[in-house]
Amino acid sequence: MPSYRAPRGTRDLLPDVRADFARLEGIARSLSVRYGYREMEIPLFEQTSVFERGIGEATDVVEKELFRLAPRTEESESWALRPEATAGIVRAYVQHGMHTWPQPVKLSVVGPMFRYDRPQAGRFRQFWQWDAEAIGDAGPAVDAEVIEMGRRFYGEAGVPDVQVLINSIGDSACRPPYLATLKAYFARHESELPELERRRLELNPLRLLDSKDPAMTALVAAAPKISECLCDACAAHFEAVRAHLDAVGVTYRIEPNLVRGLDYYARTAFEYYRRGAEGQQQALGGGGRYDGLVELLGGRPTPAIGFALGLDRVLLAIDESGAAAIGETSPLAVVVGADPADTVSRLRVASLLRAEGLSVRVELAPRKLGRQLETASKEHAHFAIIIGDELAEGNVQLKDLEAGTQRLVPLADLARELARAAKSHHHG
Ligand code: HAM
């Protein structure tokens, strides 16, 4: 017998965990509405070049972690599973001419992303993100609005001690001279560089600052800082972002080595961490400004900013903090019957109540009434609806399992009675 398992780095979200995810998705959707982001969907896969061009070829995400799909035929295009949503959303923005919509276009996506990374705690090959993008606003106020929305998500989700780290990584005016300085610095230490970093030094020196290799820690700490090389426009932008964050009461720490792992960023870059977990490559979320990406993917020059928050890591952080789990929900009512064999009547009554919008479970196994009631109290159902001979006159017994009382209720009034009780209690 083969023994099948979920692929390495993936997991089944069993109902309790799926309910936790649903709660986070609910908060994300509620914030999207409050902040004016409209939810959309993009495909789970795109032409590979959307990611190669958008995210950058010399990044971990594209070079090492992209899930490339095998071509179906010799002529077919090359596709990859989405490692993130930003490139796909921007591809859609260009494809659908969203530059003609009122700007900024604020979009949100909640769903799974795929990265062929080495699985470890908090690092999965399929993971979930809430992604939000504001396309068509050069900031700086919208930068603070986005950062504040992400911060609020953690607050409402119940993740304690979340810290905002921010930086500016410059633009096309000041980044090139900085990169030359950075390259010269690392070139002086070339013999100490791990192989991948040595290769990237030529192509993409900024990536060295974001290296996951522990051998790089000391070198990165002593490297020249972009924040000291910003042009006047970038420095003014960064200062204004901070002033707006102060105005909305978001505290943050400036992190001069924060450069993010994707190539499309310019100016504002930020990440969210649990306090004390900053060094562990375990960001709860991150984002930044990507003013060049729309043009890179075939649109006209358009400023934009956004973030993606990792829902798997948020749940891990909530678990680790020992905050109360949501727990299972108990049914409002269970339909049981005096005649174990009469599943027809039980199913019919349950169907009537479900049609009225009520959540009920129904006993469909031919077990004795006593056993049926035992199960109902074990799962903390509020009511048992007992179907017996009274059904011939259109009545059922409504047993309040919490209060220990029981009375005869006309079937015609049953849904209304239960709905009233449901309103004063919380049931799933
Ligand atoms: P990112 O930093 O690559 O940014 O990912 C955002 C978040 O997704 C991370 O902070 C982390 O919480 C979560 N995440 C990433 N990889 C994994 C993994 N293998 N397992 C579990 N969680 C993971 C982006 O994806 C950008 N698209 C963000 C953005 C939007 N920038 C502008 N707009």
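This is a predicted model: local features need pLDDT of at least 70, side-chain atom pairs count only at pLDDT 80 or more; totals for chains, interfaces and linings use all residues.

Residues are numbered from 1 along each chain as its sequence is written, and side-chain values use heavy atoms, with hydrogens and water left out.

If a disulfide is a pair of cysteine sulfur atoms within 2.5 Å, the count comes to zero disulfides. The cysteine sulfur closest to that of Cys229 belongs to Cys174 and lies 8.3 Å away, which is too far for a bond. Cys234 is likewise in no disulfide, its nearest cysteine sulfur being that of Cys231 at 3.6 Å; Cys234 is buried because its relative accessibility is 0%.

## Aromatic pairs

Rings of Phe, Tyr and Trp (for Trp, the six-membered ring) are taken to pair if their centres lie within 6.5 Å, with planes under 30 degrees apart counted as stacked, over 60 as edge-to-face and the rest as tilted. By this rule there are eleven aromatic pairs. In one of them, the ring centres of Trp130 and Phe307 are 5.1 Å apart and the planes stand at 80°, so the pair is edge-to-face. The two partners come from distant parts of the chain, 177 residues apart, with Trp130 in strand S6 (residues 126-135) and Phe307 in strand S11 (residues 304-310); here helices (H or I, at least four residues) and strands (E, at least two) are DSSP runs, numbered from the N terminus. Both Trp130 and Phe307 are buried.

Tyr154 and Tyr272 form a tilted pair, with 5.0 Å from centre to centre and 55° between the planes. This pair also links distant parts of the chain, since Tyr154 belongs to helix H5 (residues 141-157) and Tyr272 to strand S9 (residues 268-274), 118 residues apart. Tyr154 and Tyr272 are both buried.

## Backbone geometry

| Residue(s) | Feature | Value |
|---|---|---|
| Gln103 and Pro104 | cis peptide bond | omega about -5° |
| Gly139 and Pro140 | cis peptide bond | omega about 5° |
| Asp161 | positive phi, not a glycine | phi about 60° |
| His380 | positive phi, not a glycine | phi about 60° |

Pro104 is located in the loop between helix H4 (86-95) and strand S5 (105-114), and Pro140 in the loop between S6 and H5. Asp161 occupies the loop between H5 and S7 and, at 44% relative accessibility, is partly exposed. His380 sits in the loop between helix H13 (369-378) and strand S14 (383-387) and is exposed, with a relative accessible area of 57%.

## The second largest pocket

A pocket is defined on a 1 Å grid over the protein atoms alone as an open set of points where a 1.4 Å probe fits, with protein on both sides within 12 Å along at least five of seven lines, and its lining residues have an atom within 4 Å of a point. The second largest pocket has a volume of about 390 Å³, a volume being the space filled by probe spheres set on the grid points, which are joined across faces, edges and corners. Its lining consists of 18 residues, of which Ser172, Arg175, Asp263, Tyr264 and Tyr265 are the closest to the centre. Helix H6 (residues 175-188) gives the most to this lining, with three residues.

Ile166 lies in strand S7 (residues 162-168) and is buried at 0% relative accessibility. Leaving aside neighbours within four places in sequence, Ile166 is in contact (heavy atoms within 4.5 Å) with residues including Ile147, Phe238, Leu245, Tyr252 and Phe270. Ala350, in helix H12 (residues 343-355), is also buried, with a relative accessible area of 0%, and touches Val335, Val360 and Val362 when residues up to four places away in sequence are not counted. The C-alpha atoms of Ala350 and Ser172 are separated by 65 Å.

Notes: Buried means under 20% relative accessible area, exposed over 50%, partly exposed in between (1.4 Å probe, protein chains only).
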